[in-house]
Each structure stands twice: as structure tokens, then as C-alpha cells.
Amino acid sequence: MSAPRDLDYWSFVELAQERLNSKFGEHHRSATEVLLTLNRASDIVTYDLESTVHRPRGRSWSAYRLMFVIWLAGPIEPNVAARLTGMSRAAVSNLAKPLVEAGVLEKTPVSHDARSVQLSLTEAGEKEIVESFGAQNERELAWVNVLSDAEQQILVMLLNKLITNRSQFDVRGRN
């Protein structure tokens, strides 16, 4: 067995499976491995995109996601932005403040609810998101080029299956 300092991710997964087997006997080994790997892949890709594309531009991954959704969906209320980004309403509100101050996002009152606003990109915000998306999309391509077109479609299909079939149990989450 490796010392903890000698573990890499894959040897950690092996170690985790061995220890879980010894503590719990027959557990759902493949379920643990699938979700450990899914979370790890998501973390690696997200960190890479944030550190190579967004942080150098002075933005976080979350700020990019919010601007991206507003760019594609058009002016939207914060609750809709929260649902589409997978963030909480409070996170959207906290992210919007510095983006408004930076001049890339604007808030305008909505007529049907005096307590709410509509979020939209300014001209500067539109320019920024177009440039950011271009850089991110090139990086996305670099990531998925290790997969054939068929493998990419299969991966999307499998991930969609995980997401859409979650109603079989009480899933907790923002969406």
C-alpha cells in the first residue's frame, strides 16, 4: 500500500475501493468509481478553464457562467439566471454586484415585480463574453479532441441519462 504522500488520483481510487471493501464488504464499487471519476473530471476541466481562460481576464468561472447565460438567454431575472447556471439566487446576486461595478452587466427594474430586476450585458460585457467564449471554446476543443466524434456523443448521452433519470430518488440540489 502506498504512503499517502505517494498517492496520485488513480492510486487513491484504488486505495479507497480497497478500504471501502474492507469496511463495508460488498458495496456498490462501480457507483463509487463512476462518481469519483465524474467529480474529478469536472473539477480538473473547470479548474483548467478558469485558470487558463478566465482568471487571466480578471474573471472567475462563476462570473463567466453568469455572463454566458445572460449572453445566450438575453436579459433575464436573477432567479432565472440562478436556475440556468445551477447557482443559488444569492450567488447570482453576489456575482452581479462586481460585474455591474465593472460595467459589463446592468440591472434594470422589471415592470411586473417592483422587487426584482433584469440582468443584461452592456456593450462592454457583450464584447468581453464573445472574446472569453472564443478562448474557452478553443480550450474545450483541446479537451475533447482526445475523443472521437462518436465517443463525444456517447459521453453526452450518458451524462444526460444520469441527469434526467435522477427523479427515481430524492435528489437534493439547486435544480
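## A look around Ile70

Skip the neighbours within four places in sequence, and Ile70 is in contact with Pro75, Ile76, Leu105, Leu119, Ser120 and Leu121. Keep in mind that this is a predicted model.

Ile70 also belongs to the largest nonpolar core, which has 21 residues. Leu66, Ile70, Val92, Leu99, Leu105 and Leu119 touch the most other members of that core. Helix H3 (61-73), helix H4 (78-85), helix H5 (89-101) and strand E2 (113-121) each supply at least two of its residues. H3 gives the largest share, with seven residues. As a rule, nonpolar side chains in soluble globular proteins tend to be buried together.

Now for the rings. The whole structure holds five aromatic pairs. One of them joins Trp71 and Phe133, and this pair is tilted, with 5.8 Å centre to centre and 50 degrees between the planes. Trp71 sits in helix H3 and Phe133 in helix H6, 62 residues apart, so the pair links distant parts of the chain.

Finally, the largest pocket has a volume of about 1,500 Å³. Of its 34 lining residues, Leu38, Ala41, Ser42, Leu155 and Leu159 are the closest to its centre. Helices H2 (29-54), H6 (123-144) and H7 (149-164) each give two or more residues to the lining, and the largest share comes from H2, with 13 residues. Here is how the lining divides:

| Kind of lining residue | Count |
|---|---|
| Nonpolar | 20 residues |
| Polar | ten residues |

Note on methods: Residues are numbered from 1 along each chain as its sequence is written. This is a predicted model: local features need pLDDT of at least 70, side-chain atom pairs count only at pLDDT 80 or more; totals for chains, interfaces and linings use all residues. Side-chain values use heavy atoms; hydrogens and water are left out. A nonpolar core is a set of buried Ala, Val, Leu, Ile, Met, Phe, Trp, Tyr and Cys residues joined through side-chain atoms within 4.5 Å. Buried means under 20% relative accessible area, exposed over 50%, partly exposed in between (1.4 Å probe, protein chains only). Helices (H or I, at least four residues) and strands (E, at least two) are DSSP runs, numbered from the N terminus. Contact means heavy atoms within 4.5 Å. On a 1 Å grid over the protein atoms alone, a cavity is a set of points where a 1.4 Å probe fits but cannot get out, and a pocket is an open set with protein on both sides within 12 Å along at least five of seven lines; lining residues have an atom within 4 Å of a point. Grid points are joined across faces, edges and corners, and a volume is the space filled by probe spheres set on the points. Ala, Val, Leu, Ile, Met, Phe, Trp, Tyr, Cys and Pro count as nonpolar, Asp, Glu, Lys and Arg as charged, and the others, Gly among them, as polar. Rings of Phe, Tyr and Trp (its six-membered ring) pair if their centres lie within 6.5 Å; planes under 30 degrees apart count as stacked, over 60 as edge-to-face and the rest as tilted.
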